[in-house]
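Here is a short report for a first look at this protein. Keep the sequence and the 3D view open while you read.

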Amino acid sequence: ASCSSSATGTPLTSTVTRETVSLDSVRTSLADAAGACDELGAQLLSHLLTQSPGTNALASPLSLALALALVADGATDATTQGYDKLLGVSGQERDQTWSAVQTALNRNDRSLDGFDPGKPPETPLVHVANHVVVVDRKDLTVSQTYLDTVLRWFSAQIEKVPLGDLADNLSKWADKNTAGLIKKTGIEVTGDTALVLQNALLFAAQWDTPFKAEDTREDTFTRTDGSTTQTKFMHGTRTVPYAYGQGWAAVRLGYQGGELDGQGLAMDVVLPTQGTSPADLPPATWAQASAALDQAAAGPDQNEVKIVLPKLDLTSGPTELLEMLKALGLDTSSLDGIALGLSISQVVQQVRLLVDEEGTVAAAPT
């Protein structure tokens with residue numbers, strides 16, 4: 001997925017070629033993987049909203065899941081250590097399923113040269129890349145079998161880097177694979193750092209029906225703690241899938257050119273009932289909302305909906321997720337499949353989200 005070069009890294013070679021897996025070949029396990037990703041997203045939102053109530057919570061469960069899939073291939077026992085539960089699938093079927101998800105997303109991939117994050121492209125862009133960086137140290141021997149596996153299923157770019165160059169290498173890779181939206185790695189390099197796995201996800205697309213700039217105006221936005229602020233809202237009336245449930249209503253906004261092989265790209269917007277914090281909604285809400293919108297989209301009738309949506313330009317700082325994953329049952333020790341003596345010391349995600357009248361641009365390295 002990524003062929004970016006680095007001035008400091010030495011590429012590590014493999015005789016294995018990338019294996020392409022289609023979604024049709026993993027249909028039996030795909031629903032379990034998607035359900036696990038929905039659950040991971042709900043847990044991420046709950047964790048972030050609990051940690052910092054009243055603030056914006058930005059998370060990419062997909063980027064985290066793909067990063068965990070990379071680690072799972074090096075776990076001593078991915079099942080007993082909790083990776084398979086978090087990813088919804090076990091063994092080689094786990095690799096095949098998440099590899100198929102990555103391949104399906106990258107159907108909209110292309111060169112990032114000349115990409116302008118400030119202007120969503122007419123043709124949707126979805127870029128997924130993976131990076132394995134081995135620190136050049138005498139006490140570390142990384143399994144070639146592991147490197148072959150993450151290259152085979154996830155097209156990981158693999159390289160060896162001196163410890164002193166590691167932070168710069170990670171930042172340059174994140175910068176390149178998020179088209180400049182995230183310029184600096186959130187990983188804190190220490191003397192004990194032996195290996196870093198990176199996933200990057202970049203999304204950019206125009207609305208199938210853009211909002212009119214002249215209809216954008218300032219109004220009051222109410223935060224979850226009841227306080228208010230002034231922000232710019234886009235206005236429009238759309239005939240779109242609409243659904244509602246206990247404590248929420250939702251619409252699906254499509255993107256231009258997102259339809260390919262029956263697979264579309266869309267934003268599901270879930271609005272809690274007035275006075276309800278997203279943190280108070282049951283974790284299953286997000287998956288239920290998307291499923292209800294799937295059903296509404298497949299039905300004969302669509303609803304004409306008045307939409308008032310805030311313009312967004314949001315950035316999260318580096319968010320540490322290690323303790324959250326441990327609380328979900330992940331055993332972060334015993335990565336003997338990568339190298340003896342390794343354990344996870346940091347799990348960091350950064351997210352950037354821009355939403356305006358033309359469309360959406362978003363990025364997340366984990």
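## Thr141 and its loop

Where is the place of Thr141? Thr141 sits in the loop between β2 (125-135) and α5 (144-154). Helices (H or I, at least four residues) and strands (E, at least two) are DSSP runs, numbered from the N terminus. The model is predicted: local features need pLDDT of at least 70, side-chain atom pairs count only at pLDDT 80 or more, and totals for chains, interfaces and linings use all residues. Residues are numbered from 1 along each chain as its sequence is written, and side-chain values use heavy atoms, with hydrogens and water left out.

Is Thr141 buried or exposed? Thr141 counts as exposed because its relative accessibility is 66%. Buried means under 20% relative accessible area, exposed over 50%, and partly exposed in between (1.4 Å probe, protein chains only). Leaving aside residues up to four places away in sequence, Thr141 touches Ile338 and Ala339. Contact here means heavy atoms within 4.5 Å. Ala339 is 198 residues from Thr141 along the chain, yet their C-alpha atoms are separated by 6.0 Å.

Axes are lines fitted to C-alpha atoms, for helices over the stretch in contact, and angles run from 0 to 180 degrees between N-to-C directions.

Two strands pair if DSSP finds at least two bridges between them. Strand β6 (residues 228-240) and β10 are antiparallel, with 8 bridges. Arg238 stands opposite Val305 in β10.

## The sheet of β7, β8 and β9

Another open sheet of 3 strands has the order β7-β8-β9, again with antiparallel pairing. Its edge strands are β7 and β9, each pairing on one side only. Neighbouring strands here are turned by 20 degrees against each other on average, direction ignored.

Strand β7 (residues 242-245) joins β8 through 4 bridges, and the two run antiparallel. Ala243 stands opposite Ala250 in β8. The hairpin of β7 and β8 has 2 residues between the strands, and Gly247 takes a positive phi near 90 degrees there. How many residues of strand β8 (residues 248-254) are buried? The count is 6 of 7, so β8 is mostly covered. Strand β9 (residues 266-272) pairs with β8 in the antiparallel sense over 7 bridges. Ala249 stands opposite Leu271 in β9. Trp248 has Pro272 of β9 as its bridge partner. Helix α7 (residues 285-298) lies across β7, β8 and β9, running at about 55 degrees to β8.

## The second largest pocket

About 750 Å³ of space lies in the second largest pocket. A pocket is found on a 1 Å grid over the protein atoms alone: it is an open set of points with protein on both sides within 12 Å along at least five of seven lines, and lining residues have an atom within 4 Å of a point. Grid points are joined across faces, edges and corners, and a volume is the space filled by probe spheres set on the points.

The lining of this pocket has 38 residues, with Leu195, Ser343, Ile344, Ser345 and Gln346 nearest its centre. α2 (61-72) and β4 (195-206) each supply at least two residues of the lining.

Notes
On a 1 Å grid over the protein atoms alone, a cavity is a set of points where a 1.4 Å probe fits but cannot get out, and a pocket is an open set with protein on both sides within 12 Å along at least five of seven lines; lining residues have an atom within 4 Å of a point.
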